Amino acid sequence: MPNRVLGVSPSATQREIRTAYKRESLKSHPDRVPADSPERPARTRRFQEISDAYYTLSDESRRRQYDATRRAEAEVEEDEMPIGGEGGFSWSTFGFGAEDREQRASEQFGSVFEEMLREEGLSSEDGEDGRHTYTRPTSRFWSILGGISGGALGFIVANAPGAFAGAVTGHRLGAVRDAKGKSVYEVFLDLSQNDRARLLSELAAKVLETTMGR
């Protein structure tokens, strides 16, 4: 059930659902482990389940349809229940199947990812170019990314002392980087898998800290 996937009650508010999605998607995002990690397939499946649950519960009409469907299913015999997602629920009821889940998961996460970075002051809104409204990285975003990259390189070259020096240098160099005309999520996808994993881990720590503090 979507509520169980996100860890929220059936009566959860939209704000609670969105907060739960942020928390669970960051915890389970495949990019938080190496590409060849044995955990990655399970993380991908979990991330898509979380995306499916959020897709259903984040829209009032889909949420009402889901509740009505579950009530109807509860009235029939178990062997007559449709076979599909978690708990026998058929995700195709909402007009999507496995073939477009990955794309939708990426789009949903990208939207929330942009929002989280704006909340942390790592991105800003640009005006519309006639087609899109870009949320572009700020110098602080590039500073953090530069520090991460420089620190990693410094550690490889000279262990701990090099990591510190590399982080300082990378922080300064990263601050001058610009990606005007590109969304933060587009920039994020252009990063190496290691840099994406580090940024996700840092963002996850902030989101979890905020959640636990409530």
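Is arginine 196 counted as buried or exposed, and at what relative accessibility? At 13%, arginine 196 counts as buried (buried is under 20% relative accessible area, exposed over 50%, partly exposed in between, with a 1.4 Å probe and protein chains only). Here are some notes to go with that.

1. First, the ground rules. This is a predicted model, where local features need pLDDT of at least 70, side-chain atom pairs count only at pLDDT 80 or more, and totals for chains, interfaces and linings use all residues. Residues are numbered from 1 along each chain as its sequence is written, and side-chain values use heavy atoms, leaving out hydrogens and water.

2. Arginine 196 has a partner worth a look: aspartate 31, in a salt bridge whose closest N and O atoms are 2.8 Å apart (a side-chain nitrogen of Lys or Arg within 4 Å of a carboxyl oxygen of Asp or Glu). Aspartate 31 sits in the loop between α2 (14–28) and α3, and arginine 196 in helix α8 (residues 193–212), so the pair ties together parts 165 residues apart in sequence. Aspartate 31 is buried too, at 7% relative accessible area. Helices here are DSSP runs (H or I, at least four residues), numbered from the N terminus.

3. The structure holds 15 salt bridges. Among them, aspartate 190 meets lysine 182 at 2.5 Å, N to O; aspartate 190 is exposed at 54%, while lysine 182 is partly exposed at 30%. Arg18, Lys22, Glu115 and Glu119 are linked in a network of such bridges.

4. Now the rings. There are 7 aromatic pairs (rings of Phe, Tyr and Trp, the last by its six-membered ring, with centres within 6.5 Å; planes under 30 degrees apart are stacked, over 60 edge-to-face, the rest tilted). Phenylalanine 113 and phenylalanine 188 form a tilted one, 4.6 Å centre to centre with 40° between the planes. This pair links helix α5 (residues 98–119) with helix α7 (residues 184–190), its members being 75 residues apart.

5. Ring pairs join Phe47, Phe109, Phe113, Tyr185 and Phe188 into a cluster.

6. The charged end of arginine 62 sits over its ring, 3.8 Å from the centre, and arginine 104 lies over the face of tyrosine 55 at 4.6 Å from the ring centre (NZ of Lys or CZ of Arg within 6 Å of the ring centre and within 35 degrees of the ring normal). Tyr55 is among the buried residues of α3.

How values were computed. Helices (H or I, at least four residues) and strands (E, at least two) are DSSP runs, numbered from the N terminus.
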